[in-house]
Structures are given as C-alpha cells and as structure tokens.
Amino acid sequence: MVTQLAEASGRRAVIDHAATSDPRADERALVTRAQEGDMAAFETLYRANARRVFGLCLRMAGDAHLAEELAQDVFVRAWQRLGTFRGESAFSSWLHPMTVNIALSERRSRRRRTARVIATDDPTVFERPPEKKGEPVSRMDIDKALATLPKGARQVFVLHDVEGYKHDEIASLTGVATGTSKAQLHRARKLLREALRG
Amino acid sequence: MTRNETTTCDETTNRMGDYVDGVMQGAALHEMEQHLLTCAACREEERELRALLAAAEALPSEVDLPRDLWPGIAAGIEQAGQARQRRWRWPLGLAAAAALAAGVAVALMAGGRPAGPLDIAPSATPATVAAGTLPSDLRDAEQEYAEATAQLLAALGKRRDELSPEALAAVEENLRAIDVALAQVRAALQQDPGSPQLARLLTSTHRRKVQTLQHVLRLSQPS
C-alpha cells in the first residue's frame with residue numbers, strides 16, 4: 001500500500017492507494033467524499049488542480065492578485081456545485097468551463113489593478129522550465145505581453161490561441177458576435193507581436 | 001513598391017490570421033500563397049505569427065501560485081454555508097395560510113348554518129423573544145401587531161354567528177399556520193438577534209396575520 005499524505009492546515013488527509021493505483025478512481029473517491037461534506041478530500045482536489053485553475057485565471061485577468069481572487073471563487077463555486085459532478089470526465093475538465101465563466105464574469109472593482117502592468121514584481125509567478133535552444137519567443141515574454149493587452153483582446157487570445165476554443169464558442173461565452181471575436185483576436189495578435197518586438 | 005503591391009500587403013496582413021489558422025480556402029487561399037511567394041516582408045509576418053501561435057500553444061497550463069489559497073477558499077465555503085442557513089425560507093405555514101385565506105373566503109360566501117362558540121385561540125400574546133435580545137423598535141412593532149391582532153380576534157369573536165363551522169375551521173387553521181411561522185422566525189432570531197432579514201420577516205409575518213384577520217372580518221360582514 002502506498003500512502004499519500006496531503007498537508008492540510010495542520011491536519012493530514014491520508015489517501016491509501018492500492019499497489020496499482022488508478023488516478024481516476026482515486027479522484028472519483030475523493031470527489032465522492034467531498035460531495036459528502038469531507039473538506040479534507042476537497043482540499044486534496046484543490047491542491048491537485050490549483051495550478052491549472054490559477055494559470056487560466058492569471059492569463060485571463062492579466063493581474064496576479066485578481067487571479068488569486070478568481071481562483072478562490074472557482075473552488076468555492078466548485079464546492080457548492082459538487083453535487084452536479086457526475087464523474088464522466090476528469091475533475092479538471094469539469095472545473096475548466098467554470099473557471100472560464102468566472103474569469104469572464106469578473107465583476108469586482110479593479111482596486112489593485114494597474115491598467116497595463118503585471119501586478120507582481122515576482123517573475124517566478126510565470127515560472128517555466130528552461131527555455132529550449134533556438135526558441136524564438138520566450139514564454140515569459142508572452143505572459144508579460146498578454147497582461148498588457150486590453151481585456152477583451154487578451155481574453156479572446158487566451159481562449160482561442162492558448163485554450164483552443166473556436167470563435168463561435170467564444171462568442172457564446174462572452175456574449176459578443178463571432179465577428180467581434182475574430183476582430184479581437186486579430187487585434188490581440190497584432191499587439192502581441194508589437195510588444196514582443198520590443 | 002507600387003500602390004497595388006502595398007494594398008496587397010495590407011490585405012495580406014489583415015487576412016494572415018485566417019491563413020495561418022487554416023480556414024482560408026479557394027481563390028483567397030491561392031492569392032495569399034501567390035503573394036507570399038513574392039513578398040519577403042509578408043513571409044516575415046507569417047513567420048512571426050506562426051512563432052507566436054506556437055509559443056502560445058506551448059504555454060504550460062499550470063502556473064505556480066504566489067501563495068496558498070486554501071485558507072481563503074475554506075473561509076469562502078464557510079461564509080457561503082452560513083449565508084445559506086441565514087437565508088430563511090418563507091415559513092411553510094404562510095404559503096398554506098395564503099391558500100387557506102382563499103378557502104375561508106369561499107366558505108364565508110357560500111354561507112351556511114351558524115357555528116358554535118368561536119374557538120380561535122388568540123395567539124395575540126406572542127411568546128416574545130427574551131427581553132434584551134431584540135432591538136427595541138422590533139419589540140415595539142411586535143407589541144403593536146399583537147394589540148391589532150387581539151382587537152381583530154375580538155371583533156371576529158362577535159361575528160361568530162355569521163361564520164359556518166367550515167369557515168371557522170379554516171380561519172383557525174390559517175392562524176395556526178401563521179403562528180407556527182412566527183414561532184420559527186422568533187427561534188431563528190434567538191440565534192441571530194441582529195439579523196435584519198429575520199427582523200423584516202418577523203414584521204411581515206405579523207402583517208400577514210393582521211391582513212388575514214381583516215380579510216376574514218370584511219367577508220363576514222352582513223351584506
């Protein structure tokens with residue numbers, strides 16, 4: 001038996017795996033326990049999915065503090081809607097559209113947000129594996145450049161070019177026309193290339 | 001560069017996205033490819049855009065968090081749970097009371113033989129929340145409603161001869177349902193005496209009781 005320990009606010013959530021562990025089965029067990037009110041199980045789900053949720057929020061928001069708030073909102077809403085998760089997909093797949101919707105409907109005042117500047121001086125917020133030789137565009141550069149875009153253009157670029165949504169899906173999510181989504185994407189790509197040229 | 005070539009480069013730049021995304025077809029695709037064969041500047045545009053999209057596609061989906069968000073999430077879940085408990089559902093008794101008020105009206109209008117002594121237990125002396133746990137304005141409001149209710153019950157008692165047993169029974173059941181609702185709200189106020197929502201619910205429930213009694217009195221007046 002392999003025991004996996006998850007530190008949880010001074011408590012330990014112990015998940016026993018069979019020798020041949022099935023990650024999906026483990027996840028389903030965690031979700032079932034969380035659906036029954038087990039906060040420790042939900043915390044484990046949070047820790048397994050937080051980086052991905054935060055990454056999407058950060059790119060959509062362009063602001064690290066706002067992204068933290070959005071990511072928190074995602075998990076609070078996920079807890080509230082756990083009963084709707086049927087286990088037909090991975091938990092991360094279930095979280096993804098919820099994350100997009102919350103990032104798009106961000107309503108809070110941007111009290112800590114400066115218009116075109118990343119709100120953190122800590123470059124490790126965009127920590128990346130070492131750059132491959134000959135790579136023409138730095139990933140850190142793209143994330144920094146993304147944060148400088150107008151909100152609409154940034155969100156369409158993230159949804160289309162990073163997350164792989166189609167224009168009709170983006171239009172449905174954002175409430176804009178498909179043509180507007182295309183125009184925003186064109187604008188985002190143009191602005192990004194200008195920013196990356198320096 | 002001639003005006004035609006400039007125009008063509010502008011058009012190429014505007015449509016480069018569709019070309020790189022692979023959605024361009026037919027004559028437009030052919031023209032684009034032909035132009036790129038002869039225009040180094042536009043080929044460079046294409047290269048830049050493809051590099052950007054490749055880098056975007058390769059962005060790692062996971063980003064390290066600056067801090068642990070779990071304490072905020074746990075607090076948010078806790079708050080959401082408390083909000084759900086405080087969001088007091090309209091006591092079931094009131095929904096029944098609204099339906100019963102209609103039933104009382106029907107019974108009264110249909111007439112019928114006079115009933116025996118009016119057996120409506122005056123719940124006009126409410127079991128008040130312990131002194132000091134309610135704001136004084138709420139206690140005053142409860143007292144006023146209690147007095148109004150007592151007067152209406154007394155008036156209704158004098159009209160007992162006008163009421164059929166069915167109407168009496170309906171009125172009594174109606175008032176009992178409202179009193180159950182009042183007791184529920186008061187119990188909730190004992191837990192959370194400062195809640196403005198519960199205070200509003202208490203006064204509106206009292207108001208509903210008074211309105212019901214007024215309604216029954218109007219209907220019981222001889223025509």
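This is a predicted model: local features need pLDDT of at least 70, side-chain atom pairs count only at pLDDT 80 or more; totals for chains, interfaces and linings use all residues.
Before you click: residues are numbered from 1 along each chain as its sequence is written, with chains lettered from A and ligands numbered from 1 in the order in which they are written. Local features need pLDDT of at least 70, side-chain atom pairs count only at pLDDT 80 or more, totals for chains, interfaces and linings use all residues, and side-chain values use heavy atoms, with hydrogens and water left out.

**Stop 1: the whole interface.** Colour the two chains separately. You'll find 32 residues of chain B in contact with 39 residues of chain A (contact means heavy atoms within 4.5 Å). About 3500 Å² is buried between them, 61% of it from carbon and sulfur atoms; buried area here is the accessible area (1.4 Å probe) that two parts lose on being put together, summed over both.

**Stop 2: salt bridges.** The rule (a side-chain nitrogen of Lys or Arg within 4 Å of a carboxyl oxygen of Asp or Glu) finds 8 salt bridges across this interface. Pick B:E62 and A:R51: their closest N and O atoms sit 2.4 Å apart.

Now look at what chain B brings to the side touching chain A. Its helices α1 (3-21), α3 and α4 (70-86) each supply at least two residues, and α3(B) gives the most, with 9 residues. Helices are DSSP runs (H or I, at least four residues), numbered from the N terminus.

**Stop 3: α6(A) on α3(B).** Select residues 151-162 of chain A and 40-57 of chain B. These helices pack at about 80°, axes 9 Å apart (axes are lines fitted to C-alpha atoms, for helices over the stretch in contact, and angles run from 0 to 180 degrees between N-to-C directions). So α6(A) and α3(B) are roughly perpendicular, the term for 65 to 115 degrees. Show side chains for A:F157, A:D161 and A:V162, which meet B:L52, B:L53, B:A56 and B:E57.

**Stop 4: α8(A) on α3(B).** Which residues of α8(A) meet α3(B)? Select A:R189, A:L192, A:R193, A:L196 and A:R197; across from them are B:E45, B:E48, B:L49, B:L52 and B:L53.

**Last stop: inside chain A.** Zoom to A:R47 and A:E43, a salt bridge with its closest N and O atoms 2.7 Å apart.

Terms used:
Angles under 35 degrees count as roughly parallel, over 145 as roughly antiparallel, 65 to 115 as roughly perpendicular and the rest as oblique.
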